[in-house]
Amino acid sequence: MKFPARRPRPYPDVPAGRRTGVLAGVAAAALALAGCTADAPAKTATPVGEATVEAGSDPVAGGPEGFEDFYAQDLEWSGCRGGFECATATAPLSWDDPEAGSIELELVRTRATGEKVGSLLVNPGGPGGSGTDFVENGSFGEPLRESFDIVGFDPRGVQDSTAVTCFDDAKKDEYLSEDYDLTTDAGLEDARESAAAWAEACEQNTGELLGEVDTQSAAKDMDLLRAVLGDDQLHYLGFSYGTSLGATYAGLFPDRVGRLVLDGAIDPTLDADEISAGQAVGFENALRAYVTDCQAGADCPLTGSVDEGMQQVRDVLDRAYDNPYLTSGDRDVTQTLAFYGVAVTLYAEQSWPVLTQALDEAINAGTGDTLLYLADFYNDRNADGSFATNSTEAFTAINCLDSAGATDVETMRAEAKEIEEAAPTMGSFFGYGGLSCADWPYPPAEQEYDVAAPGADPIVVIGTTNDPATPYVWSEGMADALDSGVLVTYEGEGHTAYGRSNDCIADAVENYLIEGTVPEDGLTC
C-alpha cells in the first residue's frame, strides 16, 4: 500500500478563527483565506546585552539565579489588531545559560471588561499554533472576557515570536505535497532524504534557537510571563498540545499552579510512536462516524455499508497516488494533499458537509478542487503560494526535541503494520513518524520534572469521547497521571470541547477559572 511520509499535525493547528471558515462552508472560508497576508519577518535571537530588558518592579516569585533581569522586565503594551493590546516580552535563548542571548515572545491581550480576577494565559495547540491569533479569533465565553485579561502568546519558535525558519515558500509547498512508497527501500530512502533536507534548512535558517524550542523551555517561558504579568499563580486554558504545555508547567512549578484547564489532553506517559498509533485510531473512528452520518442523509457519494463507504474513501486517497486529481488551477492533488483535505474536516462535525462535497467531486467528477482547498487550509497556505504561519516548521522542531520516535527501519515498519491493522483506512498515514526527526540536528531535551505535579492545585482535564486528534483515552491518562487531575467528559464528536460543545462544559470551565469551583471528578456533559 502506498502512502505519504507526512504525519498529520495532531493538535488544533487550524486556529479557531480560521476553523470557523471551514464550518461556514467552502465559499465563505475561501473569501476569508483570500484576505490573508504574509507574516511579518521572523524575529531573530539577539545577544543578551542588546535585549530590551528593563529593571522594573520586583518580579513576582522571581526567576532562577541569573535570570532575574528577565523576570524584572516591564512590558510596554500598545493598541494593535483593531482593539487589542500587544507587547513583546524578552526571554532567554537558553534556560540553561543566561548569557547565551535572548529571544522575543509576542503577546496579545484583551482586557477584562468587569471585575478582574487576573490574567488568563491561553494556548490553542499545535505545537506551532499561534496564541496571539487565538486571542484575536478565539471563542471565549463572556464570563471569561469579563473576569480576565485574556493573554495569548506565540511560544518560542512560533510565528510572531522569534521563529523557526526552514524552506522558502516554493520548497515548502513541494515538501508538503510529496508522496512516497514507503513499502520499498527506495521510497523510504527518498522520504528520509527529503526530511533530512528540511532539517538542514531549519538548522541553517534558524540557528541555535532550533535546539531550544522544546516544550519544557516554553513552559519556563510561561512562568516568566506569569511574573511579568504580575500574577502570583498561573491561570491557564490550554487546548490539545496546549495541554502538554500546561501539564509541563505544572510539573516544573507545582506551587505556582493557579487554575489550569487542559482541554483535549495528551497523555504525558506516551511517547511519539504511541501518540501516532492512538491518533490513527482516533481519525479512523471519526471518519467512521462521518461515513455513518453521510450515508444516513441524502446526496451522499458513499454507497453500500459503512465498511464499504470507508473503503470508498480509501479508494479516493489511493487513486490520488497513482493519478493525482486535476483542479481548475495549475496544481494537482497528490495523495498527501488528499489526506490533509480529508483529515482537516474531521476536527469538527460541522465541517462534514464540506467533506461530502470534496468526496463527491473526487468520486463523481474526478476532480480535486475542494480537497485542495481543504489541504491548503490545513497547511495555512494562501492562494498566492505563501504561508500564513510557520506552524509546520514549529511543529516538527518542537516535536523532535520532545520525543523523536523510532528511526530504525525495522521498528518503523513493524509499528506501521500494527497501526494499519488497527486503522485500515487512515492508519497508513500515521506510520514512519520517526523519519521527520531521524536526521534532526539536536537531540531530545532531558525531562526535568515530575509528570504527577505533586502539590499542585486541582487541574481540570477535559476529554471528548470521539476526538480524532487527541483520543479520549489520553485525557483519562493525563487526569490519572496528575496527582490533582479532575476529569470532565464531553460526549460528542470533534476536537476539544470548550467553545464548541454545550453549556455544561462552558459552566464547568468558567466556574472553575472564575470562582475556583472545582467540577466533580468524572462529570459527564
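Hi everyone, this is a short walk through one protein chain, from its overall fold down to single residues.

Before we start, please keep in mind that this is a predicted model: local features need pLDDT of at least 70, side-chain atom pairs count only at pLDDT 80 or more, and totals for chains, interfaces and linings use all residues. Residues are numbered from 1 along each chain as its sequence is written, and side-chain values use heavy atoms, with hydrogens and water left out.

Let's begin with the overall picture. The protein chain has 18 helices and 10 strands; helices (H or I, at least four residues) and strands (E, at least two) are DSSP runs, numbered from the N terminus. Of its 525 residues, 61% count as buried. Here buried means under 20% relative accessible area, exposed means over 50%, and partly exposed is in between, with a 1.4 Å probe and protein chains only. Now take the contacts, meaning heavy atoms within 4.5 Å. Among those between residues at least 6 apart in sequence, 75% join residues at least 24 apart.

Next, the sheet. In what order do the 10 strands lie? The order is β1-β2-β3-β5-β4-β6-β7-β8-β9-β10, in an open sheet with mixed pairing. Two strands pair if DSSP finds at least two bridges between them. At the edges are β1 (78–80) and β10 (523–524), each pairing on one side only. Strand β9 (residues 485–493) runs parallel to β10, and 2 bridges join them. Look for Thr489, which stands opposite Thr524 in β10.

Helix α18 (residues 503–515) lies across several of these strands, including β4 (118–123), β5 (148–153), β9 and β10. Its direction is about 165 degrees to that of β7 (257–263); axes are lines fitted to C-alpha atoms, for helices over the stretch in contact, and angles run from 0 to 180 degrees between N-to-C directions.

Another helix to find is α17 (residues 472–481). How many of its 10 residues are buried? The count is 7, so to speak a mostly covered helix. Among the buried ones are Tyr472, Trp474 and Met478. The buried residues of α17 pack against α9 (241–252), β7, α10, β8 and β9.

Now for the inside. A nonpolar core is a set of buried Ala, Val, Leu, Ile, Met, Phe, Trp, Tyr and Cys residues joined through side-chain atoms within 4.5 Å. The largest one has 117 residues, and those with the most contacts inside it are Leu121, Leu287, Tyr290, Leu346 and Trp440. Helix α10 gives the most to this core, with 9 residues. Leaving aside neighbours within four places in sequence, Leu121 is in contact with a list of residues that includes Val151, Phe153, Met222 and Tyr236. Apart from this core lies another, of 28 residues, among them Cys80, Cys86, Val135 and Tyr498.

On to the rings. A search of the whole structure finds 17 aromatic pairs. Rings of Phe, Tyr and Trp (its six-membered ring) pair if their centres lie within 6.5 Å; planes under 30 degrees apart count as stacked, over 60 as edge-to-face and the rest as tilted. Tyr71 and Trp95 make an edge-to-face pair, 6.4 Å centre to centre and with 80 degrees between the planes. This pair links distant parts of the chain, with Tyr71 in helix α3 (residues 68–71) and Trp95 in the loop between β2 (84–94) and β3 (97–110), 24 residues apart. Tyr71 is buried at a relative accessible area of 2%, and Trp95 is buried at 9%.

Why is the pair of Tyr290 and Trp352 edge-to-face? Because the planes are at 75 degrees, with the ring centres 5.9 Å apart. Tyr290 sits in helix α10 (residues 272–296) and Trp352 in helix α13 (residues 352–365), 62 residues apart. Both are buried.

Two charges also sit over rings, meaning NZ of Lys or CZ of Arg is within 6 Å of the ring centre and within 35 degrees of the ring normal. Arg109 lies over the face of Trp77, at 3.9 Å from the ring centre. Lys172 has its charged end over the ring of Phe387, 4.3 Å from the centre.

Finally, some backbone details. The peptide bond from Gly126 to Pro127 is cis, with omega near -5 degrees, and Pro127 lies in the loop between β4 and α4 (131–137). Asp299 has a positive phi of about 65 degrees although it is not a glycine. At 72% relative accessibility, Asp299 counts as exposed.
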